Amino acid sequence: MVRRSVGGAAARGMALLAIAAFALGCARPPVAWQAPVRTAGAPSPGWHLVLDAAGSPQIVGRPTVSFVAPPGACPGSLAFTSLGGGDWYAAWWQPRADSSAALVVARSVNGGESWAAPVVADARDHSSFGCARPGPALVGDSASGYVHVVYFLAAAQGTGIWFTHSMEHGAIWHAPVGVLFGDDRARADVAAHGDTVVVAYEYPNADEARVGIAISYSAGHIFEARMPVSSTTEAAGDPRVAVRGRRVAVGWASRPPNENGDTAATATVLDVGQLGSHP
């Protein structure tokens with residue numbers, strides 16, 4: 001997690017207002033969580049979280065397929081997902097001469113043997129981060145046929161975690177939706193099942209080393225609920241999320257707070273919950 005000073009109180013205020021609105025307007029939280037399970041040691045690089053048929057969380061490797069990144073693509077930003085069979089998608093950051101970057105997605109219909117021309121999913125970045133930014137995360141949902149992408153981006157409309165999706169197999173990407181605003185480069189993950197989309201994210205503010213989620217009941221067109229997941233007694237980051245039916249799991253890397261700048265994770269935490277009904 002890349003941390004720097006918070007650039008604007010207004011962005012953080014928006015996040016606090018969203019949490020306050022939820023607290024005042026909802027009698028029950030959007031997810032009923034079980035007790036988190038903690039295991040010693042940081043998660044493996046490139047880890048991925050899934051829910052098995054019994055609803056238990058499992059840590060597996062990220063899905064990959066044969067792909068040759070185009071010249072200049074940001075190393076380490078490449079992410080893959082599949083809608084089943086040979087229908088695969090790859091997303092990455094393609095930097096520009098001014099050190100901003102475009103979010104780019106390509107599709108293969110034959111399991112990676114060949115790829116269609118990349119499509120720009122979001123061109124609004126106006127930062128000077130170059131490749132010093134978190135990679136995007138994407139998921140293909142076989143229940144809906146949609147592909148969802150979540151990423152950190154600095155746009156004129158706001159800096160923070162953004163979401164977009166394609167209902168047209170990657171040919172068209174819909175208008176991005178802001179998930180949570182803040183100036184610190186933050187990692188995020190996304191999971192989906194039908195109309196339910198869940199984004200897990202690092203809070204993009206330097207004084208909040210915490211993991212939270214945003215929930216959409218409308219296939220990502222808007223996010224109706226947000227809530228913190230990790231506690232205030234740990235520094236949490238590198239989140240992962242999985243959804244299966246009404247079951248949701250979130251995982252993150254944890255370390256004790258105030259460790260004199262030591263960022264090494266000391267535990268992997270998994271929490272499972274049941275999604276409530278649409279507010």
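Modeller: A term to begin with: accessible areas come from the Shrake-Rupley method with a 1.4 Å probe, and for residues only the protein chains shown count as cover. The chain exposes about 12000 Å², with carbon and sulfur atoms supplying 57% of it.

Colleague: What are the ground rules here?
Modeller: This is a predicted model: local features need pLDDT of at least 70, side-chain atom pairs count only at pLDDT 80 or more, and totals for chains, interfaces and linings use all residues. Residues are numbered from 1 along each chain as its sequence is written, and side-chain values use heavy atoms, leaving out hydrogens and water.

Colleague: What is the mean pLDDT of the chain?
Modeller: The mean is 89, where pLDDT is the predictor's confidence in each residue, from 0 to 100. Over residues 1-26, though, the pLDDT is below 50. Where pLDDT is low, the predicted coordinates should not be read in detail.

Colleague: New topic: how many helices and strands?
Modeller: There are 1 helix and 19 strands, taken as DSSP runs (helices H or I, at least four residues; strands E, at least two) numbered from the N terminus.

Colleague: And Asp87, buried or exposed?
Modeller: Asp87 counts as buried because its relative accessibility is 12%; buried means under 20% relative accessible area, exposed over 50%, partly exposed in between (1.4 Å probe, protein chains only). Asp87 lies in strand β6 (residues 87-95).

Colleague: Which residues does Asp87 touch?
Modeller: Leaving aside residues up to four places away in sequence, its contacts (heavy atoms within 4.5 Å) include Arg107 and His169.
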